[in-house]
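My notes follow in the order I looked things up.

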Amino acid sequence: TCEKNKASAYKKMKQLQSQVMYEILADRKKDSIPDLTIIHGDCCEKIKELKDESVNLIITDPPWGVSNDESQSTSDSIETFEDNPDYAFATLRKISPDLFRVSTVQTHMYMFFATKYYTEVMGVLTQAGWEVEPIPLIWYKKTANNIYPFKKFSPTYETIFFCNKGRRYLTHPSSAVFEYPPPSGKIHPTQKPVELLAEFVQLSSVVGEVVLDPFAGSGSTGKAALELKRKAILIEKEIMFVNKIKLMEVDTHE
């Protein structure tokens with residue numbers, strides 16, 4: 001398609017060049033990370049390929065349609081994020097039963113969600129079979145972008161639903177508030193700090209178990225899982241991020 005102006009055309013060219021570079025590098029490194037399964041495609045379809053009760057922990061951050069402009073401006077992907085409320089809830093309703101199906105009889109799920117949609121998200125997850133803790137967990141980020149600081153309070157935290165299938169216990173006591181700064185050098189607009197995700201992995205799984213993130217993005221969930229000697233299954237729709245995940249460095253402390 002034709003671009004609106006030279007600046008837009010130049011940006012698209014640079015994005016295409018970047019994508020080709022990542023494809024070449026990822027192809028050279030493919031299959032080099034043990035215990036990592038990367039699935040490229042629509043999560044609602046690809047999750048149907050996973051066996052019943054094959055996953056021990058789910059950590060994920062679906063699109064919620066609340067930061068579309070920021071997502072578009074910070075991503076170097078040439079694809080367009082389908083990040084709007086209608087798409088978000090259609091996806092959540094479609095995938096939630098399968099998230100429950102692939103989970104073992106005692107599984108935790110951590111789902112980041114847009115606080116303004118508390119009631120709607122709670123309803124979808126509960127209907128799918130999940131037992132959802134009504135008081136959300138909090139990721140306290142300390143800092144946040146706020147272009148209207150004298151009109152709105154700065155959103156320095158994000159909310160997370162803690163969900164149960166069956167009754168699995170935490171591996172150790174924990175506060176419901178997790179304090180970590182946002183990651184630096186993000187490759188995805190909604191990227192979470194690996195340290196935060198590692199806490200969830202440690203609280204809700206043991207060595208050798210399988211961690212799933214059906215909206216993988218930057219692959220941070222997989223990195224946290226692998227570095228703690230778990231297995232990871234990541235599903236991601238955009239090929240740019242799939243290739244970046246293949247290039248991530250994993251420290252297994254060996």
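**Entry 1. The core.** I start with the term I need. A nonpolar core is a set of buried Ala, Val, Leu, Ile, Met, Phe, Trp, Tyr and Cys residues joined through side-chain atoms within 4.5 Å. Buried means under 20% relative accessible area. I also note that this is a predicted model.

I looked up the largest nonpolar core and found 33 residues in it. W64, L99, V121, L125, W130 and L212 have the most contacts inside this core. The most comes from α4, which gives six residues. In soluble globular proteins, nonpolar side chains tend to be buried together.

**Entry 2. Overall counts.** I counted elements next. The protein has eight helices and nine strands. It has 254 residues, and 46% of them count as buried. I then checked how far along the chain the contacts reach. Of the contacts with a separation of 6 or more, 75% are between residues 24 or more positions apart.

**Entry 3. Helix α6.** Is this helix enclosed or open? Eight of its eleven residues are buried, so α6 is largely enclosed by the rest of the structure. I listed the buried ones: V194, L196, L197, A198, F200, V201, L203 and S204. They pack against the strands β2, β3, β5 (137-140), β6 and β7 (177-179), and against helix α7.

Q202 is also in α6. I find it partly exposed, at 36% relative accessibility. Leaving out residues up to four places away in sequence, Q202 touches T171, H172, L228 and R230. Q202 and R230 are 28 residues apart in sequence, and their C-alpha atoms are 9.7 Å apart.

**Entry 4. S205.** I moved on to the loop between α6 and β8, where S205 lies. Its relative accessible area is 2%, under the 20% cut-off, so S205 is buried. What lies 2.6 Å from a polar atom of the S205 side chain? I found the backbone oxygen of V201 there. Beyond its neighbours within four places in sequence, S205 is in contact with L57, R168, T171 and R230.

**Entry 5. The second largest pocket.** I looked up its volume, and it holds about 230 Å³ of space. It is lined by 15 residues, and those closest to its centre are Q191, V194, S218, S220 and K223. Two elements give two or more residues to the lining, α6 (194-204) and α7 (220-227). I sorted the lining by class and got five nonpolar, six polar and four charged residues.

K223 has a partner worth a line here. Its side chain makes a polar contact with the side chain of E227, at 3.0 Å. E227 lies in helix α7. It is a charged residue, yet I find E227 buried, with a relative accessible area of 15%.

**Entry 6. K46.** This residue is in helix α2. With a relative accessible area of 25%, K46 is partly exposed. Which residues is it in contact with, leaving aside neighbours within four places in sequence? I found I39, H40, G41 and I235. I235 is 189 residues away from K46 along the chain, and 7.5 Å separates the two C-alpha atoms.

**Entry 7. Positive phi.** Most residues other than glycine have a negative phi.

- D35 has a phi near 65 degrees. It sits in the loop between α1 (6-29) and β1 (36-40). D35 counts as partly exposed, at 46% relative accessibility.
- E53 has a phi of about 50 degrees. It lies in the loop between α2 and β2. E53 counts as partly exposed, at 46% relative accessibility.

Conventions: Residues are numbered from 1 along each chain as its sequence is written. This is a predicted model: local features need pLDDT of at least 70, side-chain atom pairs count only at pLDDT 80 or more; totals for chains, interfaces and linings use all residues. Side-chain values use heavy atoms; hydrogens and water are left out. On a 1 Å grid over the protein atoms alone, a cavity is a set of points where a 1.4 Å probe fits but cannot get out, and a pocket is an open set with protein on both sides within 12 Å along at least five of seven lines; lining residues have an atom within 4 Å of a point. Grid points are joined across faces, edges and corners, and a volume is the space filled by probe spheres set on the points. Helices (H or I, at least four residues) and strands (E, at least two) are DSSP runs, numbered from the N terminus. Buried means under 20% relative accessible area, exposed over 50%, partly exposed in between (1.4 Å probe, protein chains only). A polar contact is a pair of N or O atoms within 3.5 Å; within protein, one must be able to donate a hydrogen and the other to accept it, and residues adjacent in sequence count only if both atoms are side-chain atoms. Contact means heavy atoms within 4.5 Å.
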